[in-house]
Amino acid sequence: MAFARALAVTFLPLALGLAACGPVPVAQAERSCLRDAELAQRPRGEVAFGVGSGPGGTRSAGRVTLEVGSDYLAGRDPAKVFDRCVLNRSGQAPTRGLYEQPGWQG
């Protein structure tokens, strides 16, 4: 009996953690997969530059951020990337195509 209890205490958190990795509702998958489709369409980036002065003199600073998706590098169609992502995350096909999604800025 003690062994069964120890086994349950050990594997219950693991089982609950795996349950959290299960499918999500289609609407949630569609919202989160928009980003994958955007990265398949084009890289995203940001450039920031600033100048400041203080007791030590004037200083400049800069930052460049670039995010490139592997789907973009492979030349995949963003609509197909979106469909595959939604299917993988929810287990169901999207209710609307990528170009009909609210928030799509293609």
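These legends accompany close-up views of a predicted model.

Residues are numbered from 1 along each chain as its sequence is written, and side-chain values use heavy atoms, with hydrogens and water left out. Because the model is predicted, local features need pLDDT of at least 70 and side-chain atom pairs count only at pLDDT 80 or more, whereas totals for chains, interfaces and linings use all residues.

**View 1. Confidence along the protein.** The protein averages a pLDDT of 85, pLDDT being the predictor's confidence in each residue, from 0 to 100, and 80% of the residues score at least 70. Confidence is highest in helix α4 (residues 78–90), with a mean of 97, and lowest in helix α1 (residues 2–19), with a mean of 56; helices (H or I, at least four residues) and strands (E, at least two) are DSSP runs, numbered from the N terminus. Where pLDDT is low, the predicted coordinates should not be read in detail.

**View 2. The salt bridge between aspartate 36 and arginine 89.** Six salt bridges are found in the whole structure, a salt bridge being a side-chain nitrogen of Lys or Arg within 4 Å of a carboxyl oxygen of Asp or Glu. In one of them, the side chains of aspartate 36 and arginine 89 meet at 3.7 Å, N to O. This pair links distant parts of the chain, 53 residues apart, with aspartate 36 in helix α2 (residues 26–41) and arginine 89 in helix α4. Aspartate 36 is partly exposed at 26% relative accessible area, a term for values between buried (under 20%) and exposed (over 50%), with a 1.4 Å probe and protein chains only.

**View 3. The salt bridge between arginine 44 and glutamate 38.** Here the side chains meet at 2.7 Å, N to O. Glutamate 38 counts as buried because its relative accessibility is 17%, while arginine 44, at 38%, is partly exposed.

**View 4. A salt-bridge network around aspartate 71.** Aspartate 71 forms a salt bridge with arginine 84, their closest N and O atoms being 3.4 Å apart. The two residues lie 13 residues apart and link distant parts of the chain, aspartate 71 being in helix α3 and arginine 84 in helix α4. Salt bridges that share partners join Asp71, Arg76 and Arg84 into one network.

**View 5. A nonpolar surface patch.** Leu66, Val68, Tyr72 and Leu73 make a nonpolar surface patch of about 410 Å². Patch residues have over 30% relative accessible area and no salt bridge, with like charges joined within 9 Å and nonpolar side chains (Val, Leu, Ile, Met, Phe, Trp, Tyr) within 5 Å; accessible areas come from the Shrake-Rupley method with a 1.4 Å probe, and for residues only the protein chains shown count as cover. Valine 68 is placed in the loop between β2 (57–67) and α3 (70–73).
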